[in-house]
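Visitor: I am new to this structure and would like a close look at a single part of it, the sheet. Please take me through how it is put together and what lies against it.

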Amino acid sequence: MQTETRIQVADIPEEGLFLNFTELSHLIPEVDEFVEIEKTQGRLEIHKSGRDIEISGHVKSRVFLCCDRCLKSFSIQVETPFFYLLQPKADFGADLEPDHQLSNDEIDVYWYEDGEIKGEELFREQILLQLPMRALCSETCKGLCPGCGVDLNETACQCAKEEPQGPFAVLAQLKVS
Ligand SMILES: [Zn+2]
Ligand SMILES: [Zn+2]
């Protein structure tokens, strides 16, 4: 089992490096202040091409989020393949016309520094990219009552009933009488 996510470029053999991580969660720096992860598995396939490093990988993780509406913790499963092209930092951005084709939008180009690849950062970024824009425990989550704060998924409160009725409600009553 691979437990070290830092890879020395000098250690990558001609035929490439294949790494399997069975539990990565503790190796990945905080994904986000409000996000916890567990049961994170990952794979990296690393090839050297001159000074460039090509990485294809895969990550799978259980992510715990806090619902935007009711504030309860819930979890989702994220899983994605990914591709990176890493270039030495010294070369990065220096040449606007790289000698290789970067037409594929699926490939992210990044730099590496000090001859070291930080695998954990790649996994972290990929997990972040998989998170939903809005964290909802369920599409139909009713959230917390803005009046009394109860979880409207669990309890009905009296606040709505005390709300003043709109003009249309009044009209509807007139019609009936
Ligand atoms: Zn919710
Ligand atoms: Zn209420």
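**The sheet, strand by strand**

Guide: Strand β2 (residues 17-21) and strand β3 (residues 36-49) run antiparallel and are joined by 5 bridges. Two residue pairs show how these strands line up. Asn 20 stands opposite Arg 43 in β3, and Phe 21 stands opposite Gly 42 in β3.

This is a predicted model, and the description that follows should be read with that in mind.

β3 and β4 form a hairpin, with 2 residues between them. Gly 50, in the turn of that hairpin, has a positive phi of about 65 degrees.

The sheet as a whole is open and is formed by 5 strands, in the order β2-β3-β4-β5-β6, with mixed pairing. β2 and β6 (108-112) stand at the edges with a single partner strand each, so one side of each has no neighbour in the sheet. From one strand to the next, the twist averages 25 degrees.

Helix α1 (residues 119-130) lies across β3, β4 and β5, and runs at about 50 degrees to β4.

Val 78 has its place in strand β5 (residues 73-88). Leaving aside neighbours within four places in sequence, the contacts of Val 78 are Ser 61, Val 63, Ile 127 and Gln 130. Is Val 78 buried or partly exposed? Val 78 counts as partly exposed because 19 C-beta neighbours lie inside 10 Å, while a buried residue needs 20 or more.

To place the sheet in the whole chain: the protein has 3 helices and 7 strands. Along the sequence, these follow the pattern β-β-β-β-β-β-β-α-α-α. Buried residues make up 17% of the 177 residues. Among contacts with a separation of 6 or more, 59% are between residues 24 or more positions apart.

Technical notes: Residues numbered from 1 in each chain as written. Chains lettered and ligands numbered in written order. Predicted model: local features only at pLDDT ≥ 70, side-chain atom pairs only at ≥ 80, totals over all residues. Helix = DSSP H or I, 4+ residues; strand = E, 2+ residues; numbered from the N terminus. Buried ≥ 20, exposed ≤ 12 C-beta atoms within 10 Å, placed from the backbone. Contact = placed C-beta atoms within 7 Å. Pairing = 2+ DSSP bridges. Axes fitted to C-alpha atoms, helices over the stretch in contact; angles between N-to-C directions.
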